[in-house]
Amino acid sequence: MGIHTVHKTLTDGSRASYHYAWRGGPRMLSRPGTKAFTQEFVRLTIGREKESRPGTVGSLIDGYMASADFHALAFATRSDYERRFELMRIKFGTMPVAALEARGVRKLFIDWRDTMKATPRSADMQIGLAARLFAWAKDGEIILRNPLERVSKLHAGSRRNNVWTAEQLDTLLGKGAPHLVDVALVALWTMQRQNDVLTLPVLAYNDGRLTIRQQKTGERVAINAADAIRPILDRASAAGRQRVLVNSFGQNWTSSGFRASWRRELARLGISGVTFHDLRGTAITYAYANGATIEQIAEISGHSAADAEKIIRRHYLAGAAVIKAIQQSRPGR
């Protein structure tokens with residue numbers, strides 16, 4: 001399984017590459033290395049024979065995805081891995097496993113990662129997954145060495161240590177579009193991940209409490225609904241909606257639709273240097289200031305106790321203005 005690439009010399013002497021979903025298959029029009037390219041490949045090959053040739057990187061991927069190690073991962077993690085593995089198949093699916101032992105293969109994979117350098121965190125996750133695959137193969141004695149051990153990262157730092165400033169929160173909560181402010185408020189007052197917030201069902205709210213099943217960990221957490229988000233929950237319940245949060249058309253959010261809307265809104269508001277995910281660190285700072293223990297924060301947020309403590313140690317003393325900004329967020333927008 002893998003893309004068939006044909007290189008041609010044009011009449012003007014320049015070189016061009018054409019990519020086909022398989023040898024003899026339809027030509028692909030999207031730019032290689034993009035998400036659209038992956039989606040086009042999946043669309044064109046759906047329904048075709050999925051088994052890879054034995055002894056190829058594609059078959060190595062198949063083996064890992066059938067392993068107990070893979071199935072022990074959370075559902076959301078498996079879904080993300082499956083998407084990233086498809087991108088890896090496109091480039092390396094037909095490569096012989098024996099070639100992983102050859103000199104130069106490490107550089108080949110690093111050069112592939114660097115084609116995605118415009119999104120460094122995603123590029124690092126892609127090469128990290130390849131390294132994980134090869135580590136699994138090495139443990140199983142399928143290969144003798146992992147060619148991607150100790151690959152340096154393009155993305156510097158961790159988002160765990162970032163928090164929104166009071167000014168940024170004031171701008172978002174005071175001037176943001178109401179349907180996006182609702183999402184931000186639920187994230188701030190529950191400390192949940194983006195996907196858990198967007199898919200929060202109305203049925204999770206009962207008698208003043210929210211019961212949330214975290215998609216990444218599979219854990220269930222029970223949270224007292226804060227006054228700031230009760231109007232949001234009550235409106236969703238009164239409207240008979242399936243989910244608490246909807247877009248400006250009253251429809252359920254999709255992940256891609258939300259990300260696009262969020263980026264545009266932050267640009268409109270002039271907010272930069274922080275992400276939606278950073279709202280979790282901001283909320284942790286606030287929760288600790290209001291008496292929550294590190295263990296309670298870890299249980300609710302899904303962070304480890306060590307990560308929660310790291311966030312608090314870095315930001316708590318400087319967090320008074322942020323805490324005030326959260327406290328001043330008005331319910332019932």
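**Close-up 1. Salt bridge between R235 and D182.** At 34% relative accessibility, R235 is partly exposed (buried means under 20% relative accessible area, exposed over 50%, partly exposed in between; 1.4 Å probe, protein chains only). The model is predicted: local features need pLDDT of at least 70, side-chain atom pairs count only at pLDDT 80 or more, and totals for chains, interfaces and linings use all residues. Residues are numbered from 1 along each chain as its sequence is written, and side-chain values use heavy atoms, without hydrogens and water. The closest N and O atoms of R235 and D182 are 3.2 Å apart (a salt bridge is a side-chain nitrogen of Lys or Arg within 4 Å of a carboxyl oxygen of Asp or Glu). R235 sits in helix α10 (residues 230-238) and D182 in helix α8 (residues 178-190), so the bridge ties together parts 53 residues apart in sequence. Helices (H or I, at least four residues) and strands (E, at least two) are DSSP runs, numbered from the N terminus. D182 is buried, at 12% relative accessibility.

**Close-up 2. Further salt bridges, including R113 with D114.** The count comes to 10 salt bridges. R113 and D114 meet at 2.9 Å, N to O. R113 is buried at 5% relative accessible area, whereas D114 is partly exposed at 28%. D62, E86 and R89 are linked in a salt-bridge network.

**Close-up 3. E141 and R150 in the loop between α6 and α7.** E141 is not a glycine, yet has a positive phi of about 60°. R150, also not a glycine, has a positive phi of about 55°. E141 is exposed, with a relative accessible area of 68%. R150 is exposed too, at 74%. R150 forms a salt bridge with E149, closest N and O atoms 3.9 Å apart. E149 is partly exposed, at 30% relative accessibility.

**Close-up 4. Aromatic pairs, including F109 with F134.** The whole structure holds 13 aromatic pairs (rings of Phe, Tyr and Trp, its six-membered ring, pair if their centres lie within 6.5 Å; planes under 30 degrees apart count as stacked, over 60 as edge-to-face and the rest as tilted). F109 and F134 pair edge-to-face, 5.4 Å centre to centre and 85° between the planes. This pair links distant parts of the chain: F109 in helix α5 (residues 105-114) and F134 in helix α6 (residues 120-139), 25 residues apart. F109 is buried at 0% relative accessible area; F134 is buried at 0%. W253 and F258 also pair edge-to-face, at 5.2 Å and 90°. Both W253 and F258 are buried.

**Close-up 5. An aromatic cluster.** Y64, F70, Y81, F85 and W136 form one cluster.
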